[in-house]
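Visitor: I would like to learn how to read a few features of a model. Please take them one by one.

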Amino acid sequence: MNPPIVYHPQYVAPIPENHRFPMAKFRLLYELLLRDNIVTFNDVYQPEFPDLNVIELIHHFDYINAYCNGTLESKAQRRIGLPWSEALAKRTCIAVGGTILTAKLALKYGLASNTAGGTHHAFPNYGSGFCIFNDLAIAARYLQKLGLVEKVLIVDLDVHQGDGTAWIFQNDPTVFTFSIHCEENFPLKKQQSDLDVPLPEGLDDDGYLQILAQYLSDLLSQVKPDLVLYDAGVDTHVSDRLGKLSLTNTGLYRREMQVLSTCVCAGYPVASVIGGGYAKEMSALVYRHSLLHRATRDIFRQYRL
Ligand SMILES: [Zn+2]
């Protein structure tokens with residue numbers, strides 16, 4: 001028995017070949033998970049496109065409309081950092097659908113993971129840093145609206161602060177935002193999460209995992225969420241092009257095991273998204289992302305979910 005995993009062929013949209021955003025990783029990750037028997041076809045769930053009014057739970061109508069129609073002004077487009085295309089707009093929406101589906105599956109099965117998601121730099125009326133619509137925020141609000149959850153904890157361990165998510169929920173006591181990130185990194189202007197833990201450059205596996213352990217289980221008993229949304233960005237890896245921390249593959253796997261086992265042990269369901277990860281060598285990057293799904297499967301079996 002394996003945990004559910006969410007994927008859609010439209011997670012990959014064509015972008016210029018030398019663009020630094022590693023678009024191909026989503027499909028390659030899915031293929032690696034199948035090849036390594038981390039999942040079988042039976043474990044794969046395909047999301048649907050969310051209705052516009054679901055995206056509107058977080059984003060302004062004018063921004064959604066302009067983005068989806070390719071009429072965003074060039075400055076706003078540059079801030080996103082991805083060249084617009086109809087396929088990319090579709091990809092953006094289906095990835096949001098993917099995180100929503102992952103969240104629903106996590107409530108049903110205890111654990112579920114997306115093979116995309118984690119666009120945490122997106123604000124209600126603009127996108128930034130490769131992030132267009134904030135899938136984590138939309139999923140949290142939408143599940144609340146459906147009456148499936150009341151309280152959500154967002155654990156954001158991408159190396160960059162989850163500034164969009166922090167801003168969106170700054171006055172909302174029903175969604176707790178927790179971000180551990182490298183202080184000397186994008187975004188320059190940090191927002192205030194409910195709990196921010198800025199880390200110094202170059203922190204290694206043991207230092208990182210100790211800090212995580214200091215906070216996570218206390219936070220769970222304090223917040224008592226109905227659902228944990230976990231952004232497992234691997235740009236914390238020592239070889240990442242945009243990160244400035246020094247985690248190894250072993251450290252990343254230990255991190256995923258620590259997050260998932262701490263939550264599952266205490267009875268909290270976790271929906272995970274892959275978050276950021278940037279490397280020239282695509283296969284190494286894809287392997288790093290797959291550590292989340294490997295850990296998810298291992299915890300799922302260990303706890304017989
Ligand atoms: Zn990142």
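Visitor: Is Asp158 buried or exposed?

Guide: This is a predicted model. Buried means under 20% relative accessible area. Asp158 has 2% relative accessibility, so Asp158 counts as buried. Asp235, at 0% relative accessibility, counts as buried too.

Visitor: Where in the chain do Asp158 and Asp235 lie?

Guide: Asp158 is in the loop between strand E4 (152–156) and helix H7 (163–168), and Asp235 is in the loop between strand E7 (227–231) and helix H9 (249–265). The two are 77 residues apart, and the pair links distant parts of the chain.

Visitor: How are two packed helices described?

Guide: By the angle between their axes and the distance between the axes. Helix H8 (residues 205–223) packs with H9 at an angle of about 10 degrees, the axes being 10 Å apart. That angle makes H8 roughly parallel to H9.

Visitor: Which residues make the contact?

Guide: On H8 they include Leu209, Leu212 and Leu216, and on H9 they include Arg254, Gln258 and Val259. By class, the contact of H8 with H9 has 8 nonpolar, 4 polar and 4 charged residues.

Technical notes: Residues are numbered from 1 along each chain as its sequence is written. This is a predicted model: local features need pLDDT of at least 70, side-chain atom pairs count only at pLDDT 80 or more; totals for chains, interfaces and linings use all residues. Side-chain values use heavy atoms; hydrogens and water are left out. Helices (H or I, at least four residues) and strands (E, at least two) are DSSP runs, numbered from the N terminus. Buried means under 20% relative accessible area, exposed over 50%, partly exposed in between (1.4 Å probe, protein chains only). Axes are lines fitted to C-alpha atoms, for helices over the stretch in contact, and angles run from 0 to 180 degrees between N-to-C directions. Angles under 35 degrees count as roughly parallel, over 145 as roughly antiparallel, 65 to 115 as roughly perpendicular and the rest as oblique. Contact means heavy atoms within 4.5 Å. Ala, Val, Leu, Ile, Met, Phe, Trp, Tyr, Cys and Pro count as nonpolar, Asp, Glu, Lys and Arg as charged, and the others, Gly among them, as polar.
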